[in-house]
Each structure stands twice: as C-alpha cells, then as structure tokens.
Amino acid sequence: MDFPNRKPNRLPDFDYSTPGAYFISICVKGKKCQLGHIVGGGAFDAPQMKLTTAGKVVEKYILSGNYIPGVYVDKYVIMPNHIHMILFVNATASNGTSKAPSPTNAVIPHFVSTFKRFCHRDLGELFFQRSYHDHVIRGDADYLKIWEYIDSNPALWKEDCFYEEGQL
C-alpha cells in the first residue's frame, strides 16, 4: 500500500539549537477540545480561556519551563485543543548541544519532547499529537506578528483552523 508523502515539518539543515526565537504550536491528540473553553466576549469582557484540569497541568509546565537550561517561554496561549508558544533560546542552551546533522538532539525538539513527557505523565495518557509545528522567527516584524496572533487567538477562536463546533 502506498502512503502519502508527508511534508517535512522542520527546516532542512537548520540547527535548532541556534540562539533566537521560535514559534511552536502543539495540538491535542485528535484535536479534541480538552484544555478548556472560551468564555466572555460580551460588550464588557474580552474572550479568554477557562482551563480544564488538563489545561491547568499544561499551563503548569509552560510556566515552569526551566527544565531546559537556556530556553524560556516568552509568550503563550492555551486554546481548547492546541497551544502556541514563543520560545527563546539563548547561547547557554546552544553551547552543550550536539552538532549532529539531524536536529533531533537540538534544543527546541528536546524542549517540546520534555514538555510533552511531563504533561503526559501528569495526565496519565499520551495527550498531545506526536509532532508539532515550529517556525523560526526571523526579525522584529515576524516576532510582532506572531505576538499579536497569540494575543488575539481567543477572540478569533471561531475563525481558527482548529475550531470545533460544540467545544466542551
């Protein structure tokens, strides 16, 4: 049986331990709305997330992201079935990283893998999809565009490509 060719989701020949900023998106397995739901959005309140127990576990590990030295979460949003983060990697993180040609042992994949493993352990199941989306942030304009996207994500939930009718 022929399987469709998957598009590679990493930049070829890019060292993911290079200091800089990275935009990361991680989806819940099956894109199920298990992290919470959007509340508010009326005349006097902005839309925001009301986290479930699973969402609170995920937030705990986003906020305690000090498990990988030299990497910190600059901005994040937890949505009903996915999360977005801006991660910064500084020179400290890149000094001890393997220079293998594959980015498998690089800082960003290591951060995501560790983050997922801690969440899976606390939640008692493989909660997130196997892969994730990453984007190397290339300059101030790119950074500000992504920052705004993260900030406005709850307000734009119904237009989101991950939106599911009848969430929680």
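Student: What is the relative accessible area of K60?

Tutor: It is 41%, so K60 counts as partly exposed. Buried means under 20% relative accessible area, exposed means over 50%, and partly exposed lies in between, using a 1.4 Å probe and protein chains only. This is a predicted model, where local features need pLDDT of at least 70 and side-chain atom pairs need pLDDT 80 or more, while totals for chains, interfaces and linings use all residues. Residues are numbered from 1 along each chain as its sequence is written, and side-chain values use heavy atoms, with hydrogens and water left out.

Student: Which side chain does K60 meet in a salt bridge?

Tutor: That of D122, with N to O at 2.8 Å. A salt bridge here is a side-chain nitrogen of Lys or Arg within 4 Å of a carboxyl oxygen of Asp or Glu.

Student: Why would that pair tie separate parts together?

Tutor: Because D122 lies in helix α3 (residues 107-123) and K60 in helix α1 (residues 53-63), the pair ties together parts that are 62 residues apart in sequence. Helices (H or I, at least four residues) and strands (E, at least two) are DSSP runs, numbered from the N terminus. D122 is partly exposed, at 33% relative accessible area.

Student: Which other residue forms a salt bridge with D122?

Tutor: R121, with the closest N and O atoms 3.3 Å apart. R121 counts as exposed, at 53% relative accessibility. Through shared partners, salt bridges join K60, R121 and D122 into one network.

Student: How many salt bridges are there in the whole structure?

Tutor: A search finds 3. One of them is between D151 and K75, whose closest N and O atoms are 2.7 Å apart. That pair links distant parts of the chain, 76 residues apart: D151 is in helix α4 (residues 140-152) and K75 in strand β4 (residues 71-78). D151 is partly exposed at 43%, whereas K75 is buried at 15%.

Student: Back to α4. What length should its 13 residues span?

Tutor: They should span 18 Å, and the end C-alpha atoms are 18 Å apart, which agrees. The expected span is 1.5 Å times one less than the number of residues.

Student: Which residues of α4 are buried?

Tutor: D142, Y143, I146, I150 and S152. The buried residues of α4 pack against β1 (20-27), β4, β5 (82-89) and β6 (133-136).

Student: What does D142 touch, then?

Tutor: H135, V136 and I137, not counting residues up to four places away in sequence. Contact means heavy atoms within 4.5 Å.

Student: Different topic. How many helices and strands does the protein chain have?

Tutor: 4 helices and 6 strands. From the N terminus on, they run β-β-β-α-β-β-α-α-β-α.

Student: And what share of the chain is buried?

Tutor: Buried residues make up 43% of the 168 residues. Among contacts between residues at least 6 apart in sequence, 66% join residues at least 24 apart.
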